[in-house]
Amino acid sequence: MLNREIKTILEKSKNWGWVLEPDAKRIFSMSGFQTPMYAVVKKPQEAIAAAHAIGYPVVVKIVSPDIIHKSDVRGVVVGIKDDDRLVAALEKFRKLPGFVGMLIDEMAGGLELIMGAKNDEQFGPMILLGFGGVGVEIYKDISLRMAPLKKPHVEDMMRELKAYPLLTGYRGAKPVNIAAVQKTLIRFSTLMMDMKDYFESVDLNPVMCGEKVCTVVDARIMLKNTR
Amino acid sequence: MNLKPLLEPKTMAVIGVSATNERHPANVIFDKNNHRYPVEVFAVNPKGGQLHEETLYARIGDLPKKIDLAVIAARAEFVPAVFTQCIKAGVKSAAVISGGFTEGGREDLQDKIVAMAREADFPFIGPNCLGIFSPFHVDTFFLPIERMIKPNNGSVALISQSGGILVDQMIKFSQQGVGMSKAISIGNKAFVKEIDLLRYLMTDPVTKVVAFYVEGFAEGEGRDFVLAAQRSPKPVIIMKSGKSEAGHRAVSSHTASMAGDYASFKAAVAQHSILEAANEQELVSFCEVLSVYQHSIDGKTGIITASGGHGAMAVDACVTEQMSVPELSPDLKDKLKDAVSESVRTIASFGNPVDLTGSATDDDFVACAKIMGASDEIDCIVFLLLPYIPGVTLDIGVRLSQVCKKYKKPIIAYVPHVEKYNMMIDGFELNGIPASSSIEGAVLMAKALARN
């Protein structure tokens, strides 16, 4: 069941058709997902204070209802290590259309996965698991199931991925916490069932999966067109 | 929803039978059922009168018996009025053959009859369909009897959104010797849908396999269908058309672009243990094999052949289809060796495939099938028959079928399908061993048994 705050966020977001990233992160963190430490700021002083509290290096992203694809307008800067670059990024973002703030994220490590959901007309919420970055864009290395998911589904989905050996520690790399991936995906499928009246598609891209945890680094929730 | 009166009616009214136009669909339906099927059939025409010796009843209410099924071939705009009469007269169900509803831009008419049916609990099939072919009961297809190719009576039920595809599949089932228990054309599926028929057929004693040709599901209908199919004790097969994505829709996320309509369909279907047939050939093959063997296997395939080339091709097909062709244990190889005749023993190979060469006879093949049948190393035998080798006789099919029954292990045969070998093919098929016309087809049949 969705709590009242999540419902409020979703209702409000219907005005522009998708959920702003800080709001989306709030939804996921309230629903028990690991999210990076983050802050939304507007002014240089706030930015510096927040970045120090989170600890460098950080990732910064534009927050604007007019910008869905942040990287297309260079609205994402990763690996910021000092105040000067942080403030420079903020100044640039302020000139982008619809600027309402800058999101400062803690850097998360691990393997880049994508978890997604599509509200299919015939079958309802479908859940996707894939490897992020080129894995999804070029190799289309994905697996798809109808929600809700149980553990055996999730195990099958992981094994279906061509790059599955990367998860278990390929060529001496440290393995990803498989149980954390499973738990995150099952929790995601449950949340998508709860949100099925609202969303059209959701990308958690990337979900950074390490030895210990899976962190939802970026979340995009596209809402159903109800108007 | 009680579908028995619809699918196995004892009494039927055909609405719209013409006194003058012999080729009217309603006349064709009336003629082919009258005196040919056990169903008692009455003709209705608002003008009344006679058609040859038969009375044309002016109103459904005038009919001398309670009616199980009304077949309606009247023009779309008259159908609501016919429904009113049917419901008032206590008719139990209908097949609406007429077109001109949603598919012709008259959604309002369709909505109207659906609302009437829902209120009166009056199940109907269609509109815009051929209706029901139900051996020993009824045939509402408006196709002249002399032009239809009827498959054998059997245990496969096929439900189709398209009447044309359904009739074509009946031809293919007939060619392949696959028997059918029902063939149902559901057209616009305004009221009776796939899921309703699936639920009925799950408990139908004659039906062993339920197959569907689907173009698409309405909102949420796909989810309900796959969940119901998963609970089916009988194998469910589905063939889909409209797999290509229409145009380049603007999609706003990675997930939406990769989880397209067909990708979602495919994933949802496989996840719920429904077997998807990629094309017509697979549909017929899957139906054939599953109508004979319902138990699922792990897919440890043993191959018996008289030609190394055939064996190699079968192995390739197994690998492509992710079926295992396990290496046989030394013990099993020895048993096979001991079982065959002296002359074959020295030239045959006893790996997997077991290649008995062109010198082998029925006895050699049967002996090897028995040993594989009794072994846990193999859970399915693909038998590649070369009908032209001299040691093979017409008895091979029936003898292998006895092995199959004794050890409860599926055997699937490959036999080239040409007229000359028809008696051999019958030897397999009439004795319960599916026979494919290609090596790949035989392997696909085995794969169908390995569904989870």
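## Basis of the model

Because the model is predicted, local features need pLDDT of at least 70 and side-chain atom pairs count only at pLDDT 80 or more, while totals for chains, interfaces and linings use all residues. Residues are numbered from 1 along each chain as its sequence is written, and chains are lettered from A and ligands numbered from 1 in the order in which they are written.

## Domains of chain A

Chain A is assigned domain 1 (4-33 + 109-223) and domain 2 (38-106); such bounds come from an automatic or database domain assignment. Between the C-alpha centres of domain 1 of chain A and domain 2 of chain A there are 24 Å. Seven residues from domain 1 of chain A and eight residues from domain 2 of chain A make the contact, where two residues are in contact if their C-beta atoms, placed from the backbone, lie within 7 Å.

On the side of domain 1 of chain A that touches domain 2 of chain A, helix H2 (residues 21-30) of chain A gives the most, with three residues. Helices (H or I, at least four residues) and strands (E, at least two) are DSSP runs, numbered from the N terminus. By class, this side of domain 1 of chain A has five nonpolar, no polar and two charged residues. Ala, Val, Leu, Ile, Met, Phe, Trp, Tyr, Cys and Pro count as nonpolar, Asp, Glu, Lys and Arg as charged, and the others, Gly among them, as polar.

## Contact between the chains

Chain A puts 24 residues into the contact, and chain B puts in 20 residues. On the side of chain A that touches chain B, the strands that each supply at least two residues include E7 (124-131) and E9 (199-209) of chain A. The largest share, five residues, comes from E6(A). The classes on this side of chain A are 12 nonpolar, five polar and seven charged residues.

## An enclosed helix in chain B

Helix H2 (residues 25-33) of chain B has nine of its nine residues buried, so it is largely enclosed by the rest of the structure. A residue is buried if 20 or more other C-beta atoms lie within 10 Å of its own, exposed if 12 or fewer, and partly exposed in between; C-beta atoms are placed from the backbone. Among the buried residues of H2(B) are Val28(B), Ile29(B) and Phe30(B), as well as the charged-class residues Asp31(B) and Lys32(B).

The buried residues of H2(B) pack against strand E1 (11-15), strand E2 (40-44), strand E5 (69-72) and strand E9 (138-139) of chain B. After H2(B) comes His35(B), with a positive phi near 70°.

## Two single residues

Val82(B) belongs to helix H3 (residues 79-88) of chain B. Val82(B) counts as buried because it has 25 C-beta neighbours inside 10 Å. Leaving aside neighbours within four places in sequence, Val82(B) is in contact with Ile15(B), Ile72(B) and Ala74(B).

Lys151(A) has its place in helix H6 (residues 151-160) of chain A. With 12 other C-beta atoms within 10 Å, Lys151(A) is exposed. Apart from neighbours within four places in sequence, Lys151(A) is in contact with Gln182(A) and Ile186(A). The C-alpha atoms of Lys151(A) and Gly172(A) are separated by 27 Å, and these residues are 21 residues apart along the chain.
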